[in-house]
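Morning, everyone. I have one structure to go through today, so please look at the screen while I talk.

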Amino acid sequence: MDLEARKITFVQEFLRLQNVEIVSGLENLLRKRKAELIEKNFKPMTMELYDAEIDQAMEDSKNDRMIKATDLKAKIQKWS
């Protein structure tokens, strides 16, 4: 059975559950495993990349390639 079929079977079984404790346990397990995978795959930024991003930000600031937080917020509010 491929992954997609397994997920569909799992969701169907999950939807039939009537026990709050089992649903809560599955929710907790999902959150825990996702956090573990994120932690496992997390790679810290190198100092070279960190310095390059700071240099780029400083260059953007000098060349007026910035947007004020209030302007950004107003722009985002127009999206909806």
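Helices and strands here are DSSP runs, numbered from the N terminus: a helix is H or I with at least four residues, and a strand is E with at least two. What we are looking at is a predicted model, where local features need pLDDT of at least 70, side-chain atom pairs count only at pLDDT 80 or more, and totals for chains, interfaces and linings use all residues. Residues are numbered from 1 along each chain as its sequence is written, and side-chain values use heavy atoms, with hydrogens and water left out.

Start with the overall layout. The protein chain has 4 helices and 0 strands. Read from the N terminus, the order is α-α-α-α. The radius of gyration of the chain is 22 Å, well over the 12 Å that the globule rule gives for 80 residues, so the chain is more spread out than a compact globule. That radius is taken over C-alpha atoms, and the globule rule is 2.2 Å times the number of residues to the power 0.38. Along its principal axes, the C-alpha trace spans about 60 × 35 × 25 Å.

Next, the surface. Accessible areas come from the Shrake-Rupley method with a 1.4 Å probe, and for residues only the protein chains shown count as cover. The accessible surface of the chain is about 8000 Å², and 60% of that belongs to carbon and sulfur atoms. For single residues, buried means under 20% relative accessible area, exposed means over 50%, and partly exposed is in between (1.4 Å probe, protein chains only). How much of the chain is made up of buried residues? The figure is 1% of the 80 residues.

Now to helix H3, residues 47–62, where Ile 54 lies. Ile 54 is partly exposed, because its relative accessibility is 35%. Ile 54 also belongs to a nonpolar surface patch of about 590 Å², together with Met 45, Met 47, Leu 49, Tyr 50 and Met 58. Patches are made of residues with over 30% relative accessible area and no salt bridge; like charges are joined within 9 Å, and nonpolar side chains (Val, Leu, Ile, Met, Phe, Trp, Tyr) within 5 Å.

That brings in charges. Lys and Arg count as positive, Asp and Glu as negative, and His and the chain ends are not counted. The place of a charge is NZ of Lys, CZ of Arg, CG of Asp or CD of Glu. The chain has 15 positive and 15 negative side chains, and the centres of the two sets lie 5 Å apart.

A salt bridge is a side-chain nitrogen of Lys or Arg within 4 Å of a carboxyl oxygen of Asp or Glu.

In helix H1, residues 3–16, Lys 7 and Glu 4 are 3 residues apart, about one turn of the helix. Their side chains form a salt bridge at 3.2 Å, N to O. Lys 7 is partly exposed at 42% relative accessible area, and Glu 4 is partly exposed at 45%.

In helix H2, residues 20–41, Arg 33 and Glu 36 are also placed 3 residues apart, about one turn. Their salt bridge is 2.6 Å, N to O. Arg 33 is partly exposed at 41%, as is Glu 36 at 32%.

Back in helix H3, Glu 59 and Lys 62 are 3 residues apart, about one turn of the helix. They meet in a salt bridge of 4.0 Å, N to O. Glu 59 is partly exposed at 36%, whereas Lys 62 is exposed at 68%.

Asp 64 lies in the loop between H3 and helix H4, which is 69–77. Asp 64 has a positive phi of about 55°, although it is not a glycine, and it counts as exposed at 67% relative accessibility. Back in helix H1 we find Ala 5, which is partly exposed at 28%. Ala 5 and Gly 25 are 20 residues apart in sequence and 23 Å apart in space, C-alpha to C-alpha.
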